[in-house]
Amino acid sequence: MASPSPSCASTLAWTSTPSSRPPARRAPSLVIVAQGKVKKYRQVILTDDIAEVGRKGDTLKVRAGFYRNFLLPKGKAQLLTPEVLKEMQLEQERIEAEKKRVKEEAQQLARVFETIGAFKVPRKGGKGKQIFGSVTAQDLVNIIKSQLNRDVDKRLVTVPEIREIGEYVAEIKLHPEVTAQVRLTVYAK
């Protein structure tokens, strides 16, 4: 049997040159570092209303698994960081400014309704002070639309029961905190 040639011996992995000392032991390349204590809770800010958990903008301390498996994949919460907190405060200020603007607009419209005087409602007359039919919220909405060019939802209008000629007061809820008093004068044609 012929001995392997020197060029061939260097390419074979199992051939080695005889050595008098044992092979040196190598240090492992992967070093395991002791892990710190795992956080069981996460401080989050909700980006959506969640039943039995909280409302949008609330900061909560929730379990890490609940955040990782439910809140984060559905986009219902973000980790509480200074940047996210500042962004949510700016959003809250913008919403508050918008609410204030809507309320002021409703108050201005209420002043217009109260200073305009009485709206005249014509109805077909019957015996004495009686009128045929009654005056409804839709009738008042139509009169406001024709005289002031303002759209008002008829569900926000409260009209007392009107079956006779005379003066009445109706209420229009323009905002949860603003209600306008509107005078109506019902007369026979």
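Trainee: Which residue in strand 7 does I172 stand opposite?

Mentor: The model is a predicted one. In it, I172 stands opposite A180 in strand 7. Strand 7 covers residues 178–188 and pairs with strand 6 in the antiparallel sense, over nine bridges. Two residues lie between strand 6 and strand 7, and the two strands form a hairpin. I172 also has a bridge partner in V157. This second pairing joins strand 5 (residues 157–158) to strand 6 (residues 166–175), again antiparallel, over two bridges.

The annotated region may be taken next. An unreviewed UniProt entry places the feature "domain: Ribosomal protein L9" at residues 54–81. Over residues 54–81 the chain is 39% helix and 29% strand, and the C-alpha atoms at the ends are 19 Å apart. Helix 2 spans residues 64–74, and its buried residues are A64, Y67 and L71. These residues lie on the same side of helix 2, because they cover an arc of only 85° around the axis. An α-helix has 3.6 residues a turn, so residues three or four places apart point the same way. The buried residues of helix 2 pack against strand 1 (41–46), strand 2 (59–63) and strand 3 (77–79). On the other side of helix 2, N69, P73 and K74 are exposed. Just after helix 2, G75 adopts a positive phi of about 70°.

How values were computed:
Residues numbered from 1 in each chain as written. Predicted model: local features only at pLDDT ≥ 70, side-chain atom pairs only at ≥ 80, totals over all residues. Heavy atoms only, no water. UniProt positions renumbered as here; feature names shortened; annotations may be inferred. Helix = DSSP H or I, 4+ residues; strand = E, 2+ residues; numbered from the N terminus. Pairing = 2+ DSSP bridges. Buried < 20%, exposed > 50% of the residue type's maximum accessible area, 1.4 Å probe, protein only. Arc of directions from axis to C-beta. Contact = heavy atoms within 4.5 Å.
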